[in-house]
Amino acid sequence: RGNKAYIDTLETNRVISDSVIPLVIDKGNIDIYVQVGGTGNGTGTDSNNRASSINNALEQLAIRWGLKANQFSKGINLKGTNIVVNCNGTTSYSENVNIANIRGGSIRLNFESNTQVTGLINVTSCDYVYITGNRTDGNSNDGARFYRTDDSNAITFRGCKMVACRNFRMY
């Protein structure tokens with residue numbers, strides 16, 4: 001306890017630590033694709049190979065980057081990297097999604113206009129988070145629908161630097 005080490009450059013094959021947050025540098029804009037049940041090889045790499053859930057899409061992306069599958073719920077520094085999760089709206093998303101400690105870049109959950117979301121989306125201590133539901137305008141009857149279950153909220157944000165939620169309906 002109390003010991004500190006400052007390392008300018010560390011190169012290693014593996015670090016085992018719950019307190020170290022991996023750094024992903026300058027990957028640019030990354031689109032990943034989701035549809036309940038998945039399509040193609042289920043990796044989320046394109047619209048023909050959609051992952052089966054939002055959690056699965058983020059796990060697949062972390063694995064492609066050589067990280068732990070659950071890294072998006074534990075923390076990651078996305079310096080110069082912006083992730084867009086494109087959710088196909090033909091069915092209902094009932095999974096609970098936890099995203100935490102995303103630094104440097106941004107993460108956007110983009111739901112098609114006919115999507116239903118019944119699971120909880122919980123975002124904690126992230127820099128830039130966007131959730132969009134593709135509603136045409138405030139008077140239209142389209143746009144993703146988020147349903148609260150019991151007394152819970154459909155979406156929670158805690159300790160985030162900047163949050164933008166647009167163009168969806170809450171029930």
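How many bridges join E7 to strand E10 (residues 128-132)? Five, and the two strands run parallel. Here is the picture around them.

## Ground rules

What you see is a predicted model, where local features need pLDDT of at least 70 and side-chain atom pairs count only at pLDDT 80 or more, while totals for chains, interfaces and linings use all residues. Residues are numbered from 1 along each chain as its sequence is written, and side-chain values use heavy atoms, with hydrogens and water left out.

## The whole chain

The protein chain has two helices and 14 strands. Both kinds are DSSP runs numbered from the N terminus: helices are H or I with at least four residues, strands are E with at least two. Along the principal axes, the C-alpha atoms fill a box of roughly 55 × 35 × 30 Å. The radius of gyration of the protein chain is 17 Å, which agrees with the value near 16 Å that a compact globule of 171 residues would have. That radius is taken over C-alpha atoms, and the globule rule is 2.2 Å times the number of residues to the power 0.38.

Of the 171 residues, 42% count as buried. Buried means under 20% relative accessible area, exposed means over 50%, and partly exposed lies in between (1.4 Å probe, protein chains only). As for contacts (heavy atoms within 4.5 Å), take those with a separation of 6 or more: 64% of them come from residues 24 or more positions apart.

## Two open sheets

Strands of a sheet pair through backbone hydrogen bonds, either parallel or antiparallel. For a pair to count, DSSP has to find at least two bridges between the strands. Five strands form an open sheet in the order E1-E3-E7-E10-E13, with parallel pairing. E1 and strand E13 (162-166) are the edge strands, each pairing on one side only. On average, neighbouring strands of this sheet are turned by 10° against each other, direction ignored.

E4 and strand E8 (residues 116-117) pair over two bridges, and Ser 92 stands opposite Gln 116 in E8.

## Helix H1 and its neighbours

Helix H1 covers residues 54-64, and its buried residues are Ile 54, Asn 56, Ala 57, Leu 58, Leu 61 and Ala 62. These pack against several elements, including helix H2 (71-74), strand E3 (81-87) and strand E5 (97-100). After H1 comes Gly 66, whose phi is positive, near 80°.

Over in strand E7 you'll find Ser 106. Ser 106 counts as buried because its relative accessibility is 10%. Leaving aside residues up to four places away in sequence, Ser 106 touches Leu 78, Thr 81, Asn 82, Ile 83, Tyr 128 and Tyr 130.

## One salt bridge

A salt bridge here is a side-chain nitrogen of Lys or Arg within 4 Å of a carboxyl oxygen of Asp or Glu. By this rule the count comes to one. The partners are Asp 127 and Arg 103, at 3.1 Å from N to O. The pair links distant parts of the chain: Asp 127 sits in the loop between strand E9 (121-124) and E10, and Arg 103 in strand E6 (residues 102-103), 24 residues apart.

Are the two partners buried or partly exposed? Asp 127 is buried, with a relative accessible area of 10%, whereas Arg 103 is partly exposed at 29%.

Methods
Axes are lines fitted to C-alpha atoms, for helices over the stretch in contact, and angles run from 0 to 180 degrees between N-to-C directions.
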